[in-house]
Structures are given as C-alpha cells and as structure tokens.
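I have opened a new notebook page for this structure. Below are the items I looked up, in the order I took them.

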Amino acid sequence: MRALSWMAAIALVLICGRALAAEDEIPHDKPVKVVADARLSVGGQGLLPLYLSSDWSMPLPAISRAVIVLHGRLRNADEYYLSAHTAQVAAGDDGKSALMIVPQFLAQVDVDAHKLPADMLRWSLAGWEGGEAALAPNPVSSFAALDAILAKLSDRRIFPNLKQVVISGHSGGGQVAQRYAIAGKGETALSRQHIGVRYVVANPSSYAYFSAERPVPAIAASCQGYNVWKYGMDGRPPYLADATPEALEQRYVERDVIYLLGTLDTKPAADKSCMGEAQGPNRYVRGHAYADAMAKRGHGTPNHRVWDIAGVGHDGDKMLTSKCGLAALFDIPGCGAER
C-alpha cells in the first residue's frame, strides 16, 4: 500500500468497518477525501484511478490470484482498500500470492475538488453503479472500465501464473458486482488464458431481475419503473443493449457466483425505493428471494451458491474475513459450518 502504511491500515480497520456498514445512509454528493494513486487507461478513452497491492507495470510471477473489491456509493476506495487488506492478511499464506485491486469510480464533484486532469474518467453520482457511460472525457461505461482491468490481468507477460480472478463487493459494491456478473464482457479475455473468474456478491440492497415477477408483487404493481435497469431488464444502458435479456440470463446462469448473506443483516434495507421494497423487507430476505427466483427460472441450474454468514450483520470486514468470505475470495477451506 503506497498511500497509507499497513500499520495505519490496521489501526483504521474498525473505523472503516463502521463507515462501510453505514454507507448506504450517508449522502454521496460530497467529494471523496482521497483519490486512488494508480492509473489505468481505459481503451485510450480516459484514466481510471485504482489501488493496487503490487506494481503491475512489471512481471508478477508470484501472483496466482487477483481479487477486485468494489466500493459502494460513497466512492471511498481508500476505505475499501483497507478492508481488502484486512481480508488479505486474514487469508495468511494464501493472501500473499494475491493481488488486491480496488478501482475508484469518480464523480464530477471529485474531479473539481481535487483539481484532477481532464482525462480522468468521471460518472454521475449513481450512474456508474449500473454501467452507465461516463460524463467525461468520453462516454465510457463503468463496466467497460472493469473490462479494462480484466484485460490487464489477462496479459501473460505480467501475470504468467495467474489462475483465478475474483470480482467482489459488499453492500453498494455488492450491487455493482451482481450487475457486472450479468453484463460484464471482460471474462472472455481471461477465459482465453484459462484463468477462472468468480463473482462474490455480499449483502447488496437490491438485485437485477430477469422477469417481471417480484417477491412482493403488491408493491411492484404500484411501482412505476420497478423493472427498469438496474432492478430489471427494461431500459438497459448502451453497454448491455447489444444482448437480449435471454442471452444475458443464460450467461449469468453459467457464471460462478457466490452470494454472501449475513444472517443478522435484517434491518430495513437502505434502498427504500418501491423498486427495492418490491424485492423484500431487508437484505437477507432479498438475497434468498433472488437466489430462489433464479433457481426456478428454467434456464438450467445456476452455477451459483448462497452462503449464510452466521451472526454477522451489515459489516463488510466481518463478511469478507469470515470463513465463508475467505473461502469465496481465496478458496480457503472451512466454510461448511457457516452455510
């Protein structure tokens, strides 16, 4: 970690855990406190800031796993990087061969506050969560930015021994991970190099459905736009427009997805819109309802797993460092007791 020392990271773990747990309730129109220190060109259309646990400008033969951790609506990638490091340390020797990556999707308010150069990508305050196009310098989808990260990881000159890539997120980041698991095109480049890809979706407030049915139909019936993306398949942004809902669903069913659900994440979900409420009263219920709905869809048995994290609420650090969290991110045995 270049911007913050690992000693400082450990000291801030509890503070960040509280911040990440409450992020859905905090206004997100304020500029971020810190901008990530690394940069990645996204197809020559703009620069994406991100944190990296190792310098990927040179060969990294010791890296066999890459773990991408997605921040939530506050765009506070610095705090998520601390959380990512907490999980990496908890993984012990398995974490030492991992590259931790935390991209940052900035808004115009961030660029203005930090006087960032014109080529820095920036999105609307919420548009990046669903793959919408950047406001400047070019209309690049936030999902295309994730594609660029995966393309970088597929470069065998840099990563000759990479075997697994994990795309993960908690809360708001879990929402992004779930939508990218549906929409993302970057997995193709990794598959060509025989690199496995997994999506870890932890405690999101909502999911993207493939049908018009919802767990609470009475709310859906009175909710205009309840099936609009990112809650459903209507009105999808251009990044998703070239594939039918049926094609997107078939691809999603085949992808390796793990839903991590805290059994104590039962307070009313932060997404209190009618689109969110139509999916259930809280995150735990919404997660199980969505997984059940997918299992009944008739597109084959989903390559998806649902792991309950016993005794944990809406806490990103505890979710990712639980036995099942470490199993999902690093394939460490021991998850059985928490399923």
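This is a predicted model: local features need pLDDT of at least 70, side-chain atom pairs count only at pLDDT 80 or more; totals for chains, interfaces and linings use all residues.

I looked up Lys115 and found it in the loop between α4 and α5. Its phi is positive, about 50°, although Lys115 is not a glycine. Is Lys115 buried or exposed? Its relative accessibility is 73%, so I count Lys115 as exposed.

The loop between α4 (108-113) and α5 also holds Pro137. I checked the peptide bond from Ala136 to Pro137 and found it cis, with omega near -5°. I then took a distance from Pro137 to Leu52, which sits 85 residues away along the chain: their C-alpha atoms are 23 Å apart. Leu52 belongs to strand β2, and at 6% relative accessibility it counts as buried.

**Entry: the sheet**

I traced the strands next. Eight of them make an open sheet with mixed pairing, in the order β1-β2-β4-β3-β5-β6-β7-β8. The edges are β1 (38-41) and β8 (304-309); each has a single partner strand, so one side of each has no neighbour in the sheet. On average, neighbouring strands are turned by 25° against each other, direction ignored.

β1 and β2 (residues 47-52) run antiparallel and are joined by four bridges; here Arg39 stands opposite Pro49 of β2. β5 and β6 run parallel, with seven bridges between them. β6 and β7 (residues 256-262) are also paired in the parallel sense, over five bridges.

For my own reference, strands of a sheet pair through backbone hydrogen bonds, either parallel or antiparallel.

**Entry: helix α2**

I looked at α2 (residues 77-90), a helix of 14 residues. From its first C-alpha to its last, α2 reaches 20 Å, close to the 20 Å expected at 1.5 Å a residue. Where does α2 lie relative to the strands? It lies across β2, β3 (65-70), β4 (98-103) and β5 (164-170), and it runs at about 160° to β4.

How many residues of α2 are buried? I count 12 of the 14, so α2 is largely enclosed by the rest of the structure. Among them are Asp78, Glu79, Tyr80, His85 and Gln88. Just after α2, Gly92 has a positive phi of about 65°.

**Entry: Ser171 and helix α6**

Ser171 is in the loop between β5 and α6. Its phi is near 60°, a positive value in a residue other than glycine. With 0% relative accessibility, Ser171 counts as buried.

I then followed α6 (residues 172-183) to α5 (residues 142-153): the two axes come within 11 Å and cross at roughly 75°. α5 and α6 are therefore roughly perpendicular to each other. On the α5 side the residues are Phe143, Leu146, Asp147 and Leu150; they meet Val176, Arg179, Tyr180 and Ala183 in α6.

**Entry: Glu187**

Glu187 lies in helix α7 (residues 187-192). I count Glu187 as buried because its relative accessibility is 16%, and the cut-off for buried is under 20%. What is Glu187 in contact with, beyond its neighbours within four places in sequence? I found Leu150, Val197, Tyr199 and Arg255. With Tyr199, the side chain of Glu187 makes a polar contact of 2.7 Å.

**Entry: a further cis bond**

Last, I looked up Lys230, in the loop between α8 (217-221) and α9. The peptide bond that joins Trp229 and Lys230 is cis, with omega about 20°.

Conventions:
Residues are numbered from 1 along each chain as its sequence is written. Side-chain values use heavy atoms; hydrogens and water are left out. Helices (H or I, at least four residues) and strands (E, at least two) are DSSP runs, numbered from the N terminus. The expected span of a helix is 1.5 Å times one less than its number of residues. Buried means under 20% relative accessible area, exposed over 50%, partly exposed in between (1.4 Å probe, protein chains only). A polar contact is a pair of N or O atoms within 3.5 Å; within protein, one must be able to donate a hydrogen and the other to accept it, and residues adjacent in sequence count only if both atoms are side-chain atoms. Contact means heavy atoms within 4.5 Å. Two strands pair if DSSP finds at least two bridges between them. Axes are lines fitted to C-alpha atoms, for helices over the stretch in contact, and angles run from 0 to 180 degrees between N-to-C directions. Angles under 35 degrees count as roughly parallel, over 145 as roughly antiparallel, 65 to 115 as roughly perpendicular and the rest as oblique.
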